[in-house]
Amino acid sequence: MSRVRIRRGAAAAVAAFALAALPTAAHAAAAPGAGVASRHLHQQQAEPVRQIVLQGAVNVRDLGGYRTWTGGQVRQGLVYRSDALGKLTDADVTTVSGLGLTKVIDFRIPMEVQYDGADRLPAGLSPTARPVSDLGLYGTLVAAIGSGDPVTQEQMLGGGRAEAYMRDIYRTFVTSPENRAQFAATLRDLADGRQGPVLYHCTSGKDRTGWVSYVLLRALAVPEETAEGDYLASNTFRAAYDARVRAGLKQSGRMQNPDLLIPLQEVRQDYLDSATAQMEADYGSFYGYLTQGLGLDLRTLAKLQNKLVR
């Protein structure tokens, strides 16, 4: 088999891992029709998470609705978080069109976009590329899955290495100047009173997207526990799809032990704690991260509140 065919096969496997061709009809069928479905995740948080039910993406949500500790409520219909949108169906595109988006921000690196495909969006809407480093995780998955070798896969992902990789990635959300610049630009977009509804996403909509959402909610005075609940909710929305991906990799013979991927597919409190601990070590507090790390002045933070909280 040629190197080109091996590379394409590996890329196809990773694309399946990272929300690719398989439709999510079974997931959507369990929901009460297309559109917004409020789901109470009792084990993670008391407030509902407002999912946008689509066939080609499983982790699309309206970030509004959460109560703040100041007595307000995050406005709905202004900020959306999502996984990749390259596999949307025609019906999905119609649903997304109904959100009235004026900007879509893509945190994926070029390699992810190349293999998974560009976003499929309503006419007149183009994604804004704002790549945030994954420390080579996507390339590691291409190599591990593409090898088809259980020993190699165990050496690359087993023995706690996958979990350690994730913790390192989360620390770079704080330590990398380039990553901080991308997050800061996104928060400034959200604070702009002239900007309409915005959606931001990465590949699975859980790590880079999860961190920005956590930071935004806390900046809006949403209680820390609620912001953590929104972050952890990705496990609920992605569980069925991710399990099908693992089953497919095992059935195809690409992985004898696809459970090696679970630490990479899930979000975990431990990962989030790695970022927040780094934040406190580098900047002393969450406020220090906002103002020093992200360079957001008080005026911008006030604009976020005025625009997104009622």
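Two strands count as paired if DSSP finds at least two bridges between them. Strands (E, at least two residues) and helices (H or I, at least four) are DSSP runs, numbered from the N terminus. The model described here is predicted: local features need pLDDT of at least 70, side-chain atom pairs count only at pLDDT 80 or more, and totals for chains, interfaces and linings use all residues. Residues are numbered from 1 along each chain as its sequence is written, and side-chain values use heavy atoms, with hydrogens and water left out.

The protein has 15 helices and 7 strands. Of its 310 residues, 55% count as buried, where buried means under 20% relative accessible area, exposed over 50%, and partly exposed in between (1.4 Å probe, protein chains only). The accessible surface comes to about 12,700 Å², and carbon and sulfur atoms account for 52% of it. Such areas come from the Shrake-Rupley method with a 1.4 Å probe, and for residues only the protein chains shown count as cover. A contact is defined by heavy atoms within 4.5 Å. Among contacts between residues at least 6 apart in sequence, 73% join residues at least 24 apart.

β2 pairs with β3 in the antiparallel sense over 2 bridges; Gln51 has Arg61 as its bridge partner in β3.

Strand β3 (residues 61-62) is also joined to β4 by 2 bridges, and these two strands run antiparallel. Here Asp62 is partnered with Tyr80 of β4. Strand β4 (residues 79-82) is covered on both faces, with Val79 and Arg81 buried on one side and Tyr80 and Ser82 buried on the other. β4 pairs with strand β7 (residues 198-201) as well, in the parallel sense and over 4 bridges. In that pairing, Val79 stands opposite Val198 of β7.

The next topic is a pair of helices. Two packed helices are described by the angle between their axes and the distance between the axes. The axes of α7 (residues 161-175) and α8 (residues 177-191) come within 6 Å and cross at roughly 70°. Axes are lines fitted to C-alpha atoms, for helices over the stretch in contact, and angles run from 0 to 180 degrees between N-to-C directions. Angles under 35 degrees count as roughly parallel, over 145 as roughly antiparallel, 65 to 115 as roughly perpendicular and the rest as oblique. α7 and α8 are therefore roughly perpendicular to each other. The residues that meet are Thr172, Phe173, Val174 and Thr175 in α7 and Pro177, Asn179, Arg180 and Phe183 in α8. By class, this contact has 4 nonpolar, 3 polar and 1 charged residues. Ala, Val, Leu, Ile, Met, Phe, Trp, Tyr, Cys and Pro count as nonpolar, Asp, Glu, Lys and Arg as charged, and the others, Gly among them, as polar.

Ala162 is also found in α7, and it is buried, with a relative accessible area of 1%. Leaving aside neighbours within four places in sequence, Ala162 is in contact with Leu157, Leu260, Pro263 and Leu264.

Helix α10 (residues 224-232) is mostly covered, with 7 of its 9 residues buried. They are Thr226, Ala227, Glu228, Gly229, Asp230, Tyr231 and Leu232. Their cover includes β3, β4, α7, α9 (208-219), α11 (234-252) and α13 (269-283).

The loop between α9 and α10 holds Leu220, which counts as buried at 0% relative accessibility. The C-alpha atoms of Leu220 and Thr68 are separated by 7.1 Å, while the residues lie 152 apart along the chain. Beyond its neighbours within four places in sequence, Leu220 is in contact with Thr68, Val74, Leu304, Gln305, Leu308 and Val309.

Ala221 is found in that loop between α9 and α10 too. Most residues other than glycine have a negative phi. Phi of Ala221, however, is positive, near 75°, and Ala221 is buried at 5% relative accessible area. Leu135 also has a positive phi, of about 55°. Leu135 lies in the loop between β6 (127-129) and α5 (137-147) and is partly exposed, with a relative accessible area of 39%.
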